[in-house]
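The following paragraphs lead through a structure step by step. Please keep the sequence and the 3D view open while reading.

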Amino acid sequence: MTSEAPCSFWSWLDRCFLAPVPAARLGALRALVCGVALYDVWLYAGLVFADAKAVSTTGAERPWTPLFFMQVLGLDPVGLEVANLVFVVGTVALLLGLVGVLSRWSCAVGALAFFYWSGLAYSFGKPHHDKVALAFALMALPFANVGARVSVDAVLTAWWQRRRGYHVFPIAPVSGLPIWITQFTLAVGYCGAGSAKLLLGGVDWFNGYTLQGIMLGHDGAWSRTFASSVFWCQVQSLGVVFVQTAFPLVLLWPRSRWFFLPAAMGFHLMTWMTMDTGPYMRVWLLLFAFTPMEQIPATLHAGCRRGPLPAILTVVGVGAFVALVVGVANQVLPLWALLAGLLWLFGAWVRARPG
Amino acid sequence: MRWLALTWLCGWLLAATVAAQDFVPTTAALPPAVAALEVAPGLHFSLTAAAVEIRDATGVRAMASTAPTGTVHALTMVPWGTVVAGGENGVFVADAQHPVLDRADVHDGAPAAGVISVAADRQGRVWWCTSTSFGVLDLRLRFGRAFAATDGLPPATFTRVAIGDDGRLLLATAAGTFRYEPDVGDAPRVRTAPASQSPLTAAANGDVTLAIEVQARGGATLRHRRRHHHLLLPIEGNTVRGLRPGWHVVEVHAVDRDLRRTIVGEYSIEVPLPRAFDPRALPLAFAACLLALFGCSYRWGGGGSVARRCALALLRTGVLAVVVLQLLAAVLGYGRSWPFVGFSMYTENWHQNDVLFRPRIVGLRSDGSRVPLHEDDLGVVQDGYWQMLAEVVYGAEHHRQALFAKVARQRRAGEAPFVGFVLADGRIRLTAHGPVDVAPTVLVTYRAP
C-alpha cells in the first residue's frame, strides 16, 4: 500500500485504522450503524420538534447553549420548517444507507443530518455519551467502500456485470476504517469513564455510598434492590470500574471479547434498570463492531445443526436478543418498519445458509 | 383649637413611634406549647421530655432519626403537613409518610444548634429561637434569616416563639413578651436598576455583576435562579458567579427579613467560551495542525498518482486528528465539544449521611387519596428532572395548570378524578444501615380551581 518503511509511524497508523476487512463485515456494519442512527434521529424527533415549534412561535423556551461545532459553524436554532426538512432528509438518507443504495453518498448525507440533528438537540440541552461511538462510526462510513456487500448497490453491480457477460470476481477485502474507528471510540469511551472514576473519584469512589447515590438518584426499577447494601455496592463498584478500565484489552487480546462484550452489555442493561440512562442501545448494538459479523449467519446455522439443545439455545438466545432490540426500537420506530427489517435479516440469514 | 391640633399631633407621633418599633412589648398570653400533633388521621407525633414519639393504632414508639437530634424542645407543623422539630442539634423534619427525624435541608440562615422553640405561620414559614438568637426559615426556599439588633430585636435571653391568635408573632424573653408583625409595608422592590434590559455579557469565568439596588424591610438579600433550574442561589456583592458558557436567562429574587420574595430583575446573559476554546482562533489553529499533519503524512517521492497520495494523506490526517482529539477531549473534559467528550460524569463521591434529591409528584384525588406519579409517565423529563418542573415552582400559573393537565390524564377508569398535585423535592438519606426515605421538601401544593 505504501513505500514507507513498515515500522514507520504512518505504516503503523495504516495497519491500525486502514487494515482491510471482509466486505460483508463492513456492509453489515453500515446497515447496523445506519439503522441505529435512524432510531436515534427518530428518538430525538420529539425534543427537536418541540424546540423548533417554540422557536417558530414564541421563541426558544430552553436555554440555547450551542455545541462547539455548532458555534464554529454559526448554526442557530431552527424553526419547524427547517427541522422538518432535516428530519426527512436524515430519515431518507439513513434508510438508503441501511439498505445500501448509493451507499457512500447516502451515508455521507445521513451523517450530516445526524450531526445537525444531534447538535440541535444537545445545544438546547445536555450532550450525552451514548451516541459518541455512533457519531464516529457514521462519520467514517463514507470513507470506506461500505456498499461492496450487503447492499442493493452490490446486488445491482453484480446483476449488471452478469448481464454484460463480465466475469464476476469475488469481492476483495476493503478498508475497515469505520470498524476500527468504532472499536477505538468504544474502547476510549469505556476506558475514559473508568479511569475518570479512578482519577477524579479516587479510592473514595469505591466506598459503596457513591454507587448507592448514583443508583438511588435515578430511582430505576431495580435501584432499590441493588442499592440497598453498602457492601454490595462496593463490590459492584469494583466490577464496574474493572470492566470499564480494562475494556481496551479487547483491542490487544481478541479472546478477551468473550468476557468484555457480554460484560459491557450486561452493564448497560443494569444501568437501564437501576438508573435513568435508558436502554443505551446505541452503544451496545455497536459492540458488534468487535465481532466478525459476516460469520454470524454461518455460526447460527452451525448452532442449529449441532443437536436439539444447542439448537434450542441458539433460537432462544437469538430470539430474546431480537425481541429486546425490537422492543426498545418500537418505542420510537413504527412496528411495520421493524418487521420489515426483521424480514430482511431473516432473508440474509437464509441466503447465507451453507450448501 | 390650638390645643386640639397639638393633641392630634402628639397622638400621631406616638402612634408613628409605636408603629416604627418592630418588636412591641405586649401583655398577650402565649398559646400553650405544642405537645402533640395529629399528622394524619389516627397518627400523632408527640413530644416527651427529650424526644419525639409516634402514636398510632399499633401503640407508642420512639421516632427514629438519621442523625443524633439531642434533646428535642419543640414541635410545629407547616400547613402542608411537614413537622418541624427544634432541638439541641438544630432543626429536623418528618412527615406522616416519612416518620423519621432528618436534618432540615436549609442551606443558610438556620440555627445549627440550641433551638429551644419553633412555630410555623400560615404561610409555612418557621420562626425559631435559641436562647440568644431569633429568626425565620422557609423550607421551600431552603434558606432563612437570623434577625440582628438593627432589626429592633429585644435583648436576649429568648425563651419561646409562638403565633398569636391574630397571626402575629410572639417572642417571649427574660424581660417579657414582645409582639412582632411580619410582612408590614411593601414587599422588596427595585430602587435602581439599569435603564436598558439589553443582554449582558459575563466575564470568561462566568461571573457577571448586576447594577441593581433593592429596598426591602430589614434590608434585602439577593438570590438568583437560572431559568429551568430550581435552586435560588445567593448573590454576593451583586455578582452572579460561575455561569457556564452559552446563553442564560437569570432571575434575580430579592428577599426581605420576613422572607417575602419578589423577582426584581430578569437578565439575558451571554457567557463567552473560555479563551482556549475561542471559536475564531481554535479552528484556525486546528486547520494549521491539519495542514502540518497532511504534509507529514504525504508520501513525498513515493509511488502512485498524486491524487491517490493526496487521498491517503487526507485519510491519515483525518484518522489521526480524530484519535488525538478524542484523547484530548477525554483529558480536558469539555462537554460542549461533543462528539469529542470528557468523562467526568459520575465521578462525584457520595458519603454516609449525604442526601439524594429527586423530584416527587403526588396526585391528589377527590376522595382524599394520594397517588405517587412517575416523571416518565407524566412526560416531564428531558435532560434533567427540573428542566421542565422548575417553572412549575417559580414560573407563571399556566405551568402549574399544564402539569395538572398531565396529572389528570393519569386517571384510570373507575378511579376518583385528580383534583390537584404536590410537587416536592424528594430526599433519600444515605446511612450505614441503608438508604432512608425522609420527608421531602414540598415546593408546590396545587389544587385545580
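In this predicted model, the largest cavity lies between domain 1 (20–180) and domain 4 (355–447) of chain B, because both domains give residues to its lining. These are two of the domains into which chain B is divided; the others are domain 2 (189–272) and domain 3 (276–337). The centres of domain 3 and domain 4 of chain B, taken over C-alpha atoms, are 50 Å apart.

Among the residues that line the largest cavity are Trp80(B), Thr82(B), Val93(B), Ala104(B), Asp105(B) and Leu139(B). Arg427(B) also lines this cavity, as do Ala439(B), Pro440(B), Thr441(B) and Val442(B). Which strand gives the most to this lining? It is strand S30 of chain B, residues 434–447, with four residues. Sorted by class, the lining has seven nonpolar residues, two polar ones and two charged ones.

In chain A, helix H2 (residues 23–43) packs against helix H6 (residues 103–123) at an angle of about 30 degrees, and their axes are 11 Å apart. Angles under 35 degrees count as roughly parallel, so H2(A) and H6(A) are roughly parallel to each other. Their crossing is left-handed.

In chain B, the pair to look at is helix H2 (residues 281–297) and helix H3 (residues 306–332), whose axes come within 9 Å and cross at roughly 130 degrees. H2(B) and H3(B) are therefore oblique to each other. The crossing in which H2(B) passes H3(B) is right-handed.

Where does the peptide bond from Trp338(B) to Pro339(B) stand, cis or trans? This bond is cis, with omega near 10 degrees, and Pro339(B) is found in the loop between H3 and strand S27 (355–365) of chain B. Another cis peptide bond joins Ala156(B) and Thr157(B), with omega of about 20 degrees. Thr157(B) has its place in the loop between strand S14 (143–146) and strand S15 (158–163) of chain B.

A last point concerns Asn238(B), a residue other than glycine with a positive phi, near 60 degrees. Asn238(B) lies in the loop that runs between strand S23 (233–234) and strand S24 (239–240) of chain B.

Key
Residues numbered from 1 in each chain as written. Chains lettered and ligands numbered in written order. Predicted model: local features only at pLDDT ≥ 70, side-chain atom pairs only at ≥ 80, totals over all residues. Heavy atoms only, no water. 1 Å grid on protein atoms, 1.4 Å probe; cavity = no way out; pocket = protein on both sides within 12 Å on 5 of 7 lines; lining within 4 Å. Helix = DSSP H or I, 4+ residues; strand = E, 2+ residues; numbered from the N terminus. Nonpolar A, V, L, I, M, F, W, Y, C, P; charged D, E, K, R; others polar. Domains from an automatic or database assignment. Axes fitted to C-alpha atoms, helices over the stretch in contact; angles between N-to-C directions. Parallel < 35°, antiparallel > 145°, perpendicular 65-115°, else oblique. Left-handed = near helix turned anticlockwise from the far one by under 90°.
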